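Subject: Structure handover

Dear colleague,

Here is the structure I said I would pass on. Please look it over together with the notes below.

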Amino acid sequence: MITIMLVDDHPVVREGLRGMLEAEADLTVVGEAGSGHEAIALDRVKQPDVVLMDLRMPGLDGVGAIRGILKETPKRRIVVLTTYETDADILRAVEAGAAGYLLKDASRAELAGAIRAAARGETVLAPSVAGKLVNRVRNPEPASPLSAREVEVLRLVAKGLTNAEIGRSLHIGEATVKTHLLRVFGKLGVSDRTAAVTTALDRQLLG
């Protein structure tokens, strides 16, 4: 018997999944969680073979929950079950350690088969998701460690503006400017504004 924990913030979705899965003789649902934090806590108690994890949830999202569960139980098999299949969602989930990525339009047979495969230690991907991953590997995007907003802030730093002036220019608070700069420093491995600008220019990150 394969034990399963369901993680989704919509009770009606969990109820539907439980009904589908428990119609299979070898599958049983041992727990349900409605949030990422709840999933981590319940996983400790239930120790399921496979976790079915939604991605978009209030508070701690699915990726955060995946990281939290795997930090405590590295061998746990977690399969994402979501309606979202953007490249960013897929990559975040896979990089966090998900053993699979399925879409909510999967049939009962597909879902049950994927759970059995995950329990055996296999990786399970919806065909469209597999295609996106293959395409991403073949055609990697040039990586920029900085977000668009961080680039905006750093460009204004390069022009000699103070934090207060940058805040007024971008219609954000001075504290927010400082937060963006601290993130930039961390991503670029520097400790001051001048080094951040110099490093960003050397790496052609400011366009």
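The notes below go from the overall fold to single residues.

Please keep in mind that this is a predicted model.

Domain and sheet

An unreviewed UniProt entry gives residues 3-119 as "domain: Response regulatory". Over that range the chain is 47% helix and 22% strand.

Strand by strand

- β1 (residues 2-7) pairs with β2 in the parallel sense over six bridges. Here V7 stands opposite A33 in β2.
- β3 (residues 50-53) is joined to β4 (residues 77-82) by four bridges, and the two run parallel. L52 has V79 in β4 as its bridge partner.
- β4 and β5 also run parallel, joined by four bridges. L81 has L102 in β5 as its bridge partner.
- β5 and β6 are parallel and joined by two bridges. G100 stands opposite V124 in β6.

Strand β5 (residues 100-103) is covered on both faces. G100 and L102 lie on one side, Y101 and L103 on the other, and all are buried.

Crossovers

By contrast, β5, helix α5 (residues 108-119) and β6 make a left-handed unit.

The annotated aspartate

For D54, UniProt lists "modified residue: 4-aspartylphosphate", again from an unreviewed entry. D54 is found in the loop between β3 and α3 (62-72). Is D54 buried or exposed? Its relative accessibility is 4%, and the cut-off for buried is under 20%, so D54 counts as buried.

Leaving aside residues up to four places away in sequence, D54 touches V7, D8, D9, G62, L81, T82 and K104. Two of these have come up above: V7, which stands opposite A33, and L81, whose bridge partner is L102.

V13

V13 lies in helix α1 (residues 11-21). At 24% relative accessibility, V13 counts as partly exposed. With residues up to four places away in sequence left out, V13 touches D8 and K104. Both D8 and K104 are also among the contacts of D54. From V13 to A96 the separation is 83 residues in sequence and 24 Å in space, C-alpha to C-alpha.

Rings

How many aromatic pairs does the structure hold? The number is zero. One ring does have a charge over it: the charged end of R56 sits over the ring of Y84, 3.8 Å from the ring centre.

Regards

Key: Residues numbered from 1 in each chain as written. Predicted model: local features only at pLDDT ≥ 70, side-chain atom pairs only at ≥ 80, totals over all residues. Heavy atoms only, no water. UniProt positions renumbered as here; feature names shortened; annotations may be inferred. Pairing = 2+ DSSP bridges. Phe/Tyr/Trp six-rings, centres within 6.5 Å; stacked < 30°, edge-to-face > 60°. Lys NZ or Arg CZ within 6 Å of the ring centre and 35° of its normal. Buried < 20%, exposed > 50% of the residue type's maximum accessible area, 1.4 Å probe, protein only. Contact = heavy atoms within 4.5 Å. Right-handed = clockwise from strand over helix to strand, strands pointing away.
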